[in-house]
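Q: I'm new to this one. Can you walk me through what touches what?

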Amino acid sequence: MNRVSDEIIITENLVYSYSSEDQEIEMQALAGVNLSIARGEFVAIIGRNGSGKSTLAKHFNALFLPTSGTVRINGMDTQDPRNLWRIRQTVGMVFQNPDNQIVSTTVEEDVAFGPENLGVPPDEIRRRVNLALEWVGMSEYMRHAPHLLSGGQKQRVAIAGVLAMRPKCIVLDEPTAMLDPSGRREVLDTVKRLNKEEGITVVLITHFMDEAALGDRVVVIDQGKIVMDDVPRKIFSQVELIRQLHLDVPQVTRLAHELNKSGVTIPEDALTVEELADALSGSYRESAVASYGE
Amino acid sequence: MSIRVENLSHTYNPGTPFERCAVDNVTLEIKDGEFVAIIGETGSGKSTLIQHFNGLLKPTGGRVFVDEVDIWGKGVHLKTVRQKVGLVFQYPEHQLFEETVFKDIAFGPRNIGLPDDEVDRRVEQAMKMVGLDFEALRDRSPFELSGGEKRRVAMAGVIAMKPSVIVLDEPASGLDPHGRDQVLAEIQQLHQEFGFTVVLVSHSMEDVAKLARRVMVLHKAKLIADGSTRDVFGMEDVLSKAGLEAPQVTRLMQELARRNMKVRTDILTVEEAKREILRVLGGEGRVS
């Protein structure tokens, strides 16, 4: 039976355990995760250090296999070794340190590495490399040496390398942790564009709450389990709970929350400077009008 | 302990096709007891600059003074300079190597030939200063600890050398928000309670706003701003030229001011923003 589904990633009761160094204690990095990610979604995954979020991400392209439960990528079970290559072509991964992901001496060779390995014909590789570099805005650096690029540029080359494999989904594991503010912006703009314009499913793992707020949906992992799963507004307006989970909310969201506690009635779900400024200039005008009436 | 650099320049690979000027004619002074942040994009020269503070790099032009002594002058031992100015690199936990936490932190003090009881004292003290439990952790392998703990072990290794100045390069990167708050609180404490002069290099403007009293901005190897944190985060054009952005709350206040709300814009933290907005909404400073 050919099951057509809108979900590109489905995990069912996913458990991943490993034994501690002395082999005595069984640890569960993932303790029963049920998650579905639809085609074209932009999902952010957040959680404290050691919560299991990277372990989860590594199940999405079969770098890790479940101890029990199942992971299906585009309907393919990751446990079945025959699916391995098709799964890796479906889901591409980008990691934290750009320097560990560079394999060649020029940008175009680096991007071509994946499709070459797949045995894609040279003309087609050429086409894919050009297109992938265009998508990440790095075409003019085609013949540059990757190690001389900035951090943000290196990460965009790493993303292009993944794109050249024609994946349906990209999983990025803290791709901006080592970048400066403009590098972060470059990478996030690229990721957003790929999601909106090319329809590529994005799973972004991050410690930066303002980045997570860009997602259509935020999944919060703690102690190997999903503890929250909702749109960013609903997640970050629960300031106390988020902080108990060792996470944080964007500064403007925290400020909106604090102001409410002090009696200023404004929506608590502002995520950006613009949104909070709108809300505050509204109540400022009201308070000015009120004072005329006094 | 003060650090002063005068017309400092550093050019890598001079006279070759790879010649690159990483620090260009920078003059600055960090006074004893200050908490200073250095910000700028990757490649702006921050790392090159701070490696001059304890003589890891030799200037290709200009001079470096630690406590008014030219560290490249005749008869100056760089070893003593390096004890005075401790450098904590980015991801310092990658440099842990010993079998136990104690041995790792003791490596530096032992290396300079201190007697065992002094080494013990220093390790215990350094661990306490960064909030690590001496008895519980001394015999543990550093590799079994959490990310935040490992980083603090690495910091303790620098502190055990009893420097007066600590230079930290991105001390909180890669940590979750809670771990980040903890490490920053330790650094704050090192400054306030133990009197260290602190130089913080960071890409997180929010952290810089919270901690530093003074901020220096590097851009393309040049120092383009040096002033109080409030002043520097108010310089929107300088920041954007340097590829940086003030913290979210600061930008919010700037935006409110643009919309004719009479708010102060030199706001650095959520707490300050809250007080200022309450003041304005409460009646004072209203447009008449």
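Q: Which residue of chain A does Lys274(B) form a salt bridge with?
A: Glu258(A). The closest N and O atoms are 3.4 Å apart. Keep in mind that this is a predicted model.

Q: How many salt bridges are there across the interface of chain A and chain B?
A: The rule finds four. The pair Lys274(B) and Glu258(A) forms a salt bridge with its closest N and O atoms under the cut-off, which is 4 Å.

Q: And polar contacts?
A: Across the interface of chain A and chain B there are 13 residue pairs in polar contact, both residues at pLDDT 80 or more.

Q: Which elements of chain A give two or more residues to the side that touches chain B?
A: Three helices are listed: α6 (181-198), α10 (251-261) and α11 (273-293) of chain A.

Q: Which one gives the most?
A: α11(A), with 13 residues.

Q: What classes of residue are on that side of chain A?
A: The side of chain A that touches chain B has 19 nonpolar, twelve polar and nine charged residues.

Q: How many residues are in contact, counting each chain?
A: On chain A, 40 residues; on chain B, 37 residues.

Q: What area is buried between chain A and chain B?
A: About 3,500 Å². Carbon and sulfur atoms give 59% of that.

Q: New topic. How is chain B divided?
A: Into domain 1 (3-245) and domain 2 (247-288). Ten residues from domain 1 of chain B and twelve residues from domain 2 of chain B take part in the contact.

Q: What separates their centres?
A: The centres of domain 1 and domain 2 of chain B, taken over C-alpha atoms, are 34 Å apart.

Q: What about buried area there?
A: Between domain 1 and domain 2 of chain B, about 900 Å² is buried, with 55% from carbon and sulfur atoms.

Q: What does Arg230(B) form a salt bridge with?
A: Glu272(B), the closest N and O atoms being 2.9 Å apart. Across this domain interface of chain B the rule finds three salt bridges. It also has four residue pairs in polar contact, both residues at pLDDT 80 or more.

Q: Which elements does domain 1 bring?
A: α8 (205-211) and α9 (229-234) of chain B each give two or more residues to the side that touches domain 2. The residues on that side of domain 1 of chain B are three nonpolar, two polar and five charged.

Methods:
Residues numbered from 1 in each chain as written. Chains lettered and ligands numbered in written order. Predicted model: local features only at pLDDT ≥ 70, side-chain atom pairs only at ≥ 80, totals over all residues. Heavy atoms only, no water. Domains from an automatic or database assignment. Contact = heavy atoms within 4.5 Å. Buried area = accessible area lost by both parts, 1.4 Å probe. Salt bridge = Lys/Arg side-chain N within 4 Å of Asp/Glu carboxyl O. Polar contact = N/O pair within 3.5 Å; in protein donor to acceptor, adjacent residues only side chain to side chain. Helix = DSSP H or I, 4+ residues; strand = E, 2+ residues; numbered from the N terminus. Nonpolar A, V, L, I, M, F, W, Y, C, P; charged D, E, K, R; others polar.
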